[in-house]
Amino acid sequence: MIGIKSARDLEHMRHSGSIAAKVAREIAAAVAPGVTTAELDRIAERRILALGGLPGFKGLYGFPASACISINDEIVHGVPSTRRLATGDIVSVDIGVVYRGWCSDMAFTVGVGEISPQARRLLDTTERALRRAIVAAVPGNHLGDIGAAVETTALAEGFSVVRDYGGHGIGRRMHEEPWVANFGQPGTGVELSAGMTLALEPMLAFGGFAAETVDNDGWPVVVTADGSLSAHFEHTVAITADGPLILTAEAE
């Protein structure tokens, strides 16, 4: 069942999302050659708590950290560690926040120092796919419109859409119904209604769309099956009568 949020619910989610956005900005600024992913995770946890939130991922399904940090061919669910970032890497950071029982979820991918033109194009295309998915998130459209927006953006640039993972509903729980595929046909799937809140999260790959999991100290990290680069961008978005509302934006 897909929950419909009230205006008051959305205000709580906007506050949660504002915390996530502030933390994301600080983490992005800290990304540099030689920095460990554990150091980035410590920034995430410290700042989420200082801003009045709770780390939404820590302990979720047993996850051991406050942020998922994935590098290069890692698509999602990367576990922070002593691994150091190197010039030319691309690093994806996924942040979840809980504020007064309401969740927000966002992600971004950045380059470490100078990155290749191909990697830059992958990042730019994935971020553009997210923007187009958000534009499609309006009442009367369908989940298939969101997926089609992502897929057509990726294919136009020669990239693949990771098909086994996608976005989701969000609210009192980090993961709610429905699942939001990053591919699809316009006009198909669940019809969007005002009050729905969705975490939209395109995941694109430089090579094929196939993914597999590898063990990282007992936690399954999702990687591209062919070892190609992957990028991930995400916002929590509310469907409203006035158009899509990005909840994971810094409060003015």
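## Packing of α1 and α2

Axes here are lines fitted to C-alpha atoms, for helices over the stretch in contact, and the angle between two of them runs from 0 to 180 degrees between N-to-C directions. In this predicted model, helix α1, which spans residues 7–30, packs with helix α2, residues 37–50, at an angle of about 150°, and the two axes are 10 Å apart. Since angles over 145 degrees count as roughly antiparallel, α1 and α2 are therefore described as roughly antiparallel to each other. The crossing of α1 and α2 is right-handed.

On the α1 side, the contact is made by Ile 19, Val 23, Glu 26, Ile 27 and Ala 30, which meet Leu 40, Ile 43, Ala 44, Arg 47 and Ile 48 of α2. Sorted by class, this contact of α1 with α2 comprises 8 nonpolar and 2 charged residues, with no polar ones.

Strands of a sheet pair through backbone hydrogen bonds, either parallel or antiparallel. In this model, 3 strands form an open sheet in the order β6-β10-β13, and their pairing is antiparallel. The edge strands are β6 (160–161) and β13 (230–232), each of which pairs on one side only. Between β6 and strand β10, which covers residues 203–205, there are 2 bridges, and these two strands run antiparallel; Ser 160 has Ala 205 in β10 as its bridge partner.

A helix is also placed against this sheet: α3, made up of residues 117–135, lies across β10 and β13, and runs at about 35° to β13.

## The hairpin of β11 and β12

Strand β11, residues 211–216, is joined by 6 bridges to strand β12, residues 219–224, and the two run antiparallel. Within this pairing, the bridge partner of Ala 211 is Thr 224 in β12. The hairpin has 2 residues between its strands, and in it Asp 217 takes a positive phi near 50°.

## Aromatic pairs

With ring centres required to lie within 6.5 Å, the count comes to 3 aromatic pairs. In one of these, the rings of Phe 63 and Trp 219 have centres 5.0 Å apart and planes at 70°, so the pair is edge-to-face, the class that applies to planes over 60 degrees apart.

Phe 63 lies in the loop between β1 (54–55) and β2 (67–71), whereas Trp 219 belongs to strand β12, so the pair ties together parts that are 156 residues apart in sequence.

Conventions
Residues are numbered from 1 along each chain as its sequence is written. This is a predicted model: local features need pLDDT of at least 70, side-chain atom pairs count only at pLDDT 80 or more; totals for chains, interfaces and linings use all residues. Side-chain values use heavy atoms; hydrogens and water are left out. Helices (H or I, at least four residues) and strands (E, at least two) are DSSP runs, numbered from the N terminus. Angles under 35 degrees count as roughly parallel, over 145 as roughly antiparallel, 65 to 115 as roughly perpendicular and the rest as oblique. A crossing is left-handed if the near helix is turned anticlockwise from the far one by less than a right angle, and right-handed if clockwise. Contact means heavy atoms within 4.5 Å. Ala, Val, Leu, Ile, Met, Phe, Trp, Tyr, Cys and Pro count as nonpolar, Asp, Glu, Lys and Arg as charged, and the others, Gly among them, as polar. Two strands pair if DSSP finds at least two bridges between them. Rings of Phe, Tyr and Trp (its six-membered ring) pair if their centres lie within 6.5 Å; planes under 30 degrees apart count as stacked, over 60 as edge-to-face and the rest as tilted.
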